[in-house]
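Work through the exercises below with the model on screen. Try each task before reading its solution.

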Amino acid sequence: MSAGPQVTRVLDEARAAFAHSDWEGAREHFQRGLDAETSAEALDGLGQTLWWLGEEEAAIELRTKAFAEYQRRGDADAAANVAIYLAAEYRIAGNASVANGWLGRGARLLEGCGDCPARVWLHIERSKRAATPEQAEDEAQRAVELARRIGDAALEGAALSHAGRAQIARGEEQAGMALLDEAMAIATSVESDDPMAIGDACCTTLAACERLADPQRALDWGRAV
């Protein structure tokens, strides 16, 4: 059942605030939408907003509920996107078993989907987990190609930053820095409703530059981004 006009308007206001990094405004509007009607969009939007506000546990709880709602209504693309986010969060937290489970879930959901943002995130997450720089670059380049096909500049920037990081780790510093420069040009110029992609590009570029400044650390590929 579709949301009523009032709820739709509140969620539109929430998304606009989110796109402008107005986290408190987005929190207020998403919460109002959720109070009026439990929906995957309100749960997911509020969860993403709380993540940016530093409330990671609450974000994971809400987005896990959003995953269930997306899956219940058969929205495989949206469900996969959340699953890959959860895989990343549990990886960062050091819970490899749960992280791998969510990544597998996301990948399985995407088996029946075509080109979409969630598939780009899947390749980016695989790049972050890769055992070698060569494997990381391969996954990142797949993400770049897919992001370009679907016309998502912010995701292209995120993917390019991982390709650049991998090239630097392989000793191809000039080529890697060129990709990082391109990633940052995208991140600082495009308008996107996905601040996560822009933030990922910035964080990855910063991490790669820090490693480049420290030759010993640059060789430590096993340290996750």
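## Exercise 1: A residue in helix α10

Isoleucine 186 lies in helix α10, which covers residues 173-187. Helices (H or I, at least four residues) and strands (E, at least two) are DSSP runs, numbered from the N terminus. The model is predicted: local features need pLDDT of at least 70, side-chain atom pairs count only at pLDDT 80 or more, and totals for chains, interfaces and linings use all residues. Residues are numbered from 1 along each chain as its sequence is written, and side-chain values use heavy atoms, with hydrogens and water left out.

Task: Decide whether isoleucine 186 is buried or exposed, and find what it touches.

Solution. 
- Step 1. Recall the cut-offs: buried means under 20% relative accessible area, exposed over 50%, partly exposed in between (1.4 Å probe, protein chains only).
- Step 2. Isoleucine 186 has 12% relative accessibility, so it counts as buried.
- Step 3. Contact means heavy atoms within 4.5 Å. Not counting residues up to four places away in sequence, isoleucine 186 touches Ala153, Ala154, Glu156, Gly157 and Leu160.
- Step 4. Now look further off. Leucine 62 and isoleucine 186 are 124 residues apart in sequence and 30 Å apart in space, C-alpha to C-alpha.

## Exercise 2: The whole chain

Task: Describe the fold of the protein chain by its elements, radius of gyration and burial.

Solution. 
- Step 1. Count the elements. The protein chain has 12 helices and 0 strands.
- Step 2. Compare with the globule rule. The radius of gyration of the protein chain is 18 Å, close to the 17 Å that the rule gives for 225 residues, so the chain is as compact as a globular protein of that length. This radius is taken over C-alpha atoms, and the rule is 2.2 Å times the number of residues to the power 0.38.
- Step 3. The C-alpha trace spans about 55 × 35 × 30 Å along its principal axes.
- Step 4. Check burial. Of the 225 residues in the protein chain, 47% are buried.
- Step 5. Check the contacts. Among those between residues at least 6 apart in sequence, 55% join residues at least 24 apart.

## Exercise 3: A loop and a histidine

Solution. 
- Step 1. Serine 21 is in the loop between α1 (5-19) and α2 (23-36).
- Step 2. Serine 21 is not a glycine, yet its phi is positive, about 60 degrees. Its relative accessibility is 40%, so serine 21 counts as partly exposed.
- Step 3. Histidine 123 is in helix α7, residues 117-129. With a relative accessible area of 11%, histidine 123 is buried.
- Step 4. Beyond its neighbours within four places in sequence, histidine 123 is in contact with Glu139, Arg142, Ala143 and Leu146.

## Exercise 4: The cysteines

Task: How many disulfides are there?

Solution. 
- Step 1. Use the rule: a disulfide is a pair of cysteine sulfur atoms within 2.5 Å.
- Step 2. The count by this rule is 0 disulfides. Cysteine 116 is in no disulfide, and the nearest cysteine sulfur, that of cysteine 113, is 5.4 Å away.
- Step 3. Compare accessibility. Cysteine 116 counts as buried at 5%, whereas cysteine 209 counts as partly exposed at 30%.
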